[in-house]
Structure formats: structure tokens, C-alpha cells
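Here is a short briefing on one structure.

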Amino acid sequence: MTACTLDDARAAKQKLAQHLAAVEGVVGVGITKIDGHYAVKVNLGRPLTDPGMIPSAIDGVPVHQEIVGTIRARPAL
């Protein structure tokens with residue numbers, strides 16, 4: 001896995017979020033660490049009909065995807 005800085009991951013996250021903005025099933029894009037290295041994480045509400053829509057890396061930053069289900073706001077305490 002390529003070692004990326006947090007700034008690299010932030011730039012890749014922004015670029016990927018714009019690319020996936022209209023993709024149905026994407027519920028979030030964030031930053032994660034995998035084996036101690038920064039990566040972009042794509043949260044999916046369900047499996048995509050075309051998994052190839054999400055690249056394995058963007059600008060050298062690895063992309064990880066995970067099906068997390070529906071994301072809902074937590075009620076205020």
C-alpha cells in the first residue's frame with residue numbers, strides 16, 4: 001500500500017466525493033487508515049449495480065468501500 005499524507009487523502013476525498021455525488025447508493029465519503037496508511041473510504045447504503053464506478057485509488061490514494069447501510073441522524077439528547 002502506498003504511504004499517503006493526510007493532505008493527500010483530504011484532496012483525494014474531495015475529488016472522489018465530487019465524482020460520486022450523483023451515484024445512487026453512496027451515503028458518505030471519508031478518510032480512514034488501513035494498515036497505518038491513509039485511504040479514502042466510500043460508505044455505501046447497498047451494493048452498487050456497477051462496482052467499477054468506484055476506483056481502487058485516486059491520485060495514488062487507495063480507496064476502500066464498505067456497505068454500511070442507511071445513515072440516519074441520531075436524536076438529540
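Two strands count as paired if DSSP finds at least two bridges between them. Helices (H or I, at least four residues) and strands (E, at least two) are DSSP runs, numbered from the N terminus.

This is a predicted model: local features need pLDDT of at least 70, side-chain atom pairs count only at pLDDT 80 or more, and totals for chains, interfaces and linings use all residues. Residues are numbered from 1 along each chain as its sequence is written, and side-chain values use heavy atoms, without hydrogens and water.

**Sheet layout**
- Four strands make up an open sheet, ordered S1-S2-S4-S3, with mixed pairing.
- Strand S1 (26–34) and strand S3 (57–58) are the edge strands, each pairing on one side only.

**Strand pairs**
- Strand S2 (residues 37–44) and S4 run parallel and are joined by five bridges.
- In that pair, Lys41 stands opposite His64 in S4.
- S3 pairs with strand S4 (residues 61–67) in the antiparallel sense, over two bridges.
- Ala57 faces Pro62, a residue of S4, as its opposite.

**Hairpin**
- S3 and S4 form a hairpin, and two residues lie between them.
- Asp59 sits in the turn and has a positive phi of about 55°.

**Loop residue Ala21**
- Ala21 lies in the loop between helix H1 (6–20) and S1.
- Ala21 counts as exposed because its relative accessibility is 66%; exposed means over 50% relative accessible area, buried under 20%, and partly exposed in between (1.4 Å probe, protein chains only).
- Ala21 and Thr49 are 28 residues apart along the chain, and their C-alpha atoms are separated by 16 Å.
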